[in-house]
Amino acid sequence: TMKGNGTQESPYQIEDAKDLLAFAEKVNSYNPLEPDSEAEERDAWAELRNDINLEGTEWTRIGSSNSSYHLEYIGTFDGNNHTISGLSINTSSTSDEYFGLFGAVGEGGTVKDLTVEGNINIDSEYEVNAGGVVGENAGNVSNCTSEVAITVEGVYAYIGGIIGSNAGNVSNCTHKAAITV
């Protein structure tokens, strides 16, 4: 069970891949199209406590969105200078638009002090926003490194090493992998 309660005073303590998946589920749990959907934790605070390997896990991005609604992550995720490796996103012909460790970070959201390693491969007839750390950003991303190789085959794509589409703030970030369109 993940320690902490998701507040600034007591952020979730993410210690392994299981905790990271649980955190993504908490953030993505709300669906406005389903009346019985639980309240989401889009504004949850979290801290990475260890390097994490997602090898063998098909990743579902943190902060979900599709053509019907936008549920960006608006909390604070502190990577504590750790690495998340083995990120794997492989999909085709999907109406999902945002791809990365974080799909969409909204205004007020923060992702910082993090390295992400892995691969994103997308073949889509829809709009694609893909970045190694964040697919679409309207928040704050700082001190992040992406070693995520990104390949997109699509009609309409915004692709970047760190962030696919940006309307927010980015500082002190580096990308060190191939991007193929």
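Q: Which residues form one aromatic cluster here?
A: Tyr-12, Phe-23, Tyr-73, Phe-77 and Phe-102 do. This is a predicted model, where local features need pLDDT of at least 70, side-chain atom pairs count only at pLDDT 80 or more, and totals for chains, interfaces and linings use all residues. Residues are numbered from 1 along each chain as its sequence is written, and side-chain values use heavy atoms, with hydrogens and water left out.

Q: Why is the pair of Tyr-73 and Phe-102 called tilted?
A: Rings of Phe, Tyr and Trp (its six-membered ring) pair if their centres lie within 6.5 Å; planes under 30 degrees apart are stacked, over 60 edge-to-face, the rest tilted. Here the centres are 5.4 Å apart and the planes sit at 40°, so tilted it is. Tyr-73 lies in the loop between β5 (70–71) and β6, and Phe-102 in strand β8, 29 residues apart.

Q: What makes Tyr-73 count as buried?
A: Buried means under 20% relative accessible area, exposed over 50%, and partly exposed in between (1.4 Å probe, protein chains only). Tyr-73 comes out at 0%, so buried. Phe-102 is also at 0% and therefore buried.

Q: Why is the pair of Tyr-156 and Tyr-158 called edge-to-face?
A: Their planes are at 75° with centres 5.5 Å apart, so the pair lands in that class.

Q: How do you know whether Tyr-156 is buried or partly exposed?
A: Its relative accessible area is 43%, so Tyr-156 is partly exposed. Tyr-158, at 35%, is partly exposed too.

Conventions. Helix = DSSP H or I, 4+ residues; strand = E, 2+ residues; numbered from the N terminus.
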